[in-house]
Each structure stands twice: as structure tokens, then as C-alpha cells.
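Biologist: I would like to learn how to read a model like this one, feature by feature. Where shall we start?

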Amino acid sequence: MTIPILSENLIAICEKYGYNIPKANEQVLNRYIKNILKELAEEVPSFKEKVPTKLTMKQKDAMRRDKIVPETDLNGNVIVPRYECVTSHTAQRTGIANMYLSHKYTILQMMHVSSHKTQKTFMDYIKLSSEEIANEIATMSKKENDM
């Protein structure tokens, strides 16, 4: 798959490595992301908010082994700080959603970048909130009225 480089910073990084970008281990990358967001949580309190999550089998096994009881909400859902839930996949989805909301690219172009085959799966993937959709409609309506 070929994806465009949309940032001068990325071009500089590519040139630095002679366009042979080192491979990143996804687990290590995700650990770095979580640590960075944990540090940023002091300045961005929403990163600290506890949110429900589903534990992986590996996490459940480790908790059982270490006799750790996870924190839960009133419904019995495991809750963790939001920064614990962010991964490289979250970043990918956010980037694609931001591309969509910028209105600079067609859905077909964005589907090429995200590797989605149908518009329905693409729209399900970017998971726009009702508020984002309402804001999008309001913005488009305002542009029409300004013409």
C-alpha cells in the first residue's frame, strides 16, 4: 500500500533514514504512547478520567497471577485512566477521522489511506459522535448560506 506523506516533519524523518524507516515493535510503541499520555495527563486532565475497558486475556491472566483486583464502575465494568486505552491504532483512527473532518480529501482518497473497501466500514471505523456530525452539518449549512 502507498500512502501520501502529508507533513514536512515526516519528509525530514524519511530523509534522515534514507527512506528506510526502522521497524517499530507495536507493543513497545504502545507502551511509549501510554507513558507519554500519562505524563501529559497533568496538563490534560481528560487523559486521567476513568473509562470502561475490556481486558485482554493476557491482562486477565496477569491480574489473576498477581492477585490484583481491577477497579470497576457501578455496573461491574473494569475502569482505567483514559491514557491506558490509547494505542497506535487509536492514533490511526484519530488521524483518519481528522482527515475526514478537514473536508480536504474525498472519502475514496481516505479509504485508500485506511485500506477500507466500503464506505460503510470506513464510516463505522472513524466513529463520528453525534456532536461531530451536527457540527459538520452546521458548518456546511453556514457555507451554503454565505454564498
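Modeller: With helix packing. Keep in mind that this is a predicted model. Two packed helices are described by the angle between their axes and the distance between the axes. Take helix 5 (residues 107–114) and helix 6 (residues 119–126): they pack at an angle of about 75°, with their axes 11 Å apart.

Biologist: What does an angle of about 75° make of helix 5 and helix 6?

Modeller: Angles of 65 to 115 degrees count as roughly perpendicular. Helix 5 is therefore roughly perpendicular to helix 6.

Biologist: Which residues of helix 5 and helix 6 meet?

Modeller: Helix 5 brings Ile107, Met110, Met111 and Ser114. Helix 6 answers with Gln119, Phe122 and Met123. By type, this contact has five nonpolar residues, two polar and no charged.

Biologist: How do helix 4 and helix 5 cross?

Modeller: The axes of helix 4 and helix 5 come within 10 Å and cross at roughly 170°. Over 145 degrees counts as roughly antiparallel. So helix 4 and helix 5 are roughly antiparallel to each other. Ile96, Met99 and Tyr100 of helix 4 make the contact with Ile107, Met110, Val113 and Ser114 of helix 5. Six of the contact residues are nonpolar, one is polar and none is charged.

Biologist: Next, aromatic rings. How many aromatic pairs does a search of the whole structure find?

Modeller: For a ring pair, read the distance between centres and the angle between planes. The search of the whole structure finds one aromatic pair. Its rings belong to Tyr100 and Phe122, with centres 6.5 Å apart and planes at 55°, so the pair is tilted. Distant parts of the chain are linked here: Tyr100 lies in helix 4 (residues 88–102) and Phe122 in helix 6, 22 residues apart.

Biologist: Are the two partners buried or exposed?

Modeller: Under 20% relative accessible area counts as buried. Tyr100, at 13% relative accessibility, counts as buried. Phe122 is buried too, at 0%.

Biologist: What sits over the ring of Tyr125?

Modeller: The charged end of Arg93 does, 6.0 Å from the ring centre.

Biologist: Now the backbone. What should I look for in phi?

Modeller: Most residues other than glycine have a negative phi. His103 has a positive value, near 60°, and is not a glycine. The place of His103 is in the loop between helix 4 and helix 5. At 41% relative accessibility, His103 counts as partly exposed.

Biologist: What is the phi of Lys127, and where is Lys127 found?

Modeller: Lys127 has a positive phi of about 45°, although it is not a glycine. The loop between helix 6 and helix 7 holds Lys127. With a relative accessible area of 55%, Lys127 is exposed.

Biologist: Where is Asn135, and what is its relative accessible area?

Modeller: Asn135 is in helix 7 (residues 130–146). Its relative accessible area is 44%, so Asn135 is partly exposed.

Conventions: Residues numbered from 1 in each chain as written. Predicted model: local features only at pLDDT ≥ 70, side-chain atom pairs only at ≥ 80, totals over all residues. Heavy atoms only, no water. Axes fitted to C-alpha atoms, helices over the stretch in contact; angles between N-to-C directions. Helix = DSSP H or I, 4+ residues; strand = E, 2+ residues; numbered from the N terminus. Parallel < 35°, antiparallel > 145°, perpendicular 65-115°, else oblique. Contact = heavy atoms within 4.5 Å. Nonpolar A, V, L, I, M, F, W, Y, C, P; charged D, E, K, R; others polar. Phe/Tyr/Trp six-rings, centres within 6.5 Å; stacked < 30°, edge-to-face > 60°. Buried < 20%, exposed > 50% of the residue type's maximum accessible area, 1.4 Å probe, protein only. Lys NZ or Arg CZ within 6 Å of the ring centre and 35° of its normal.
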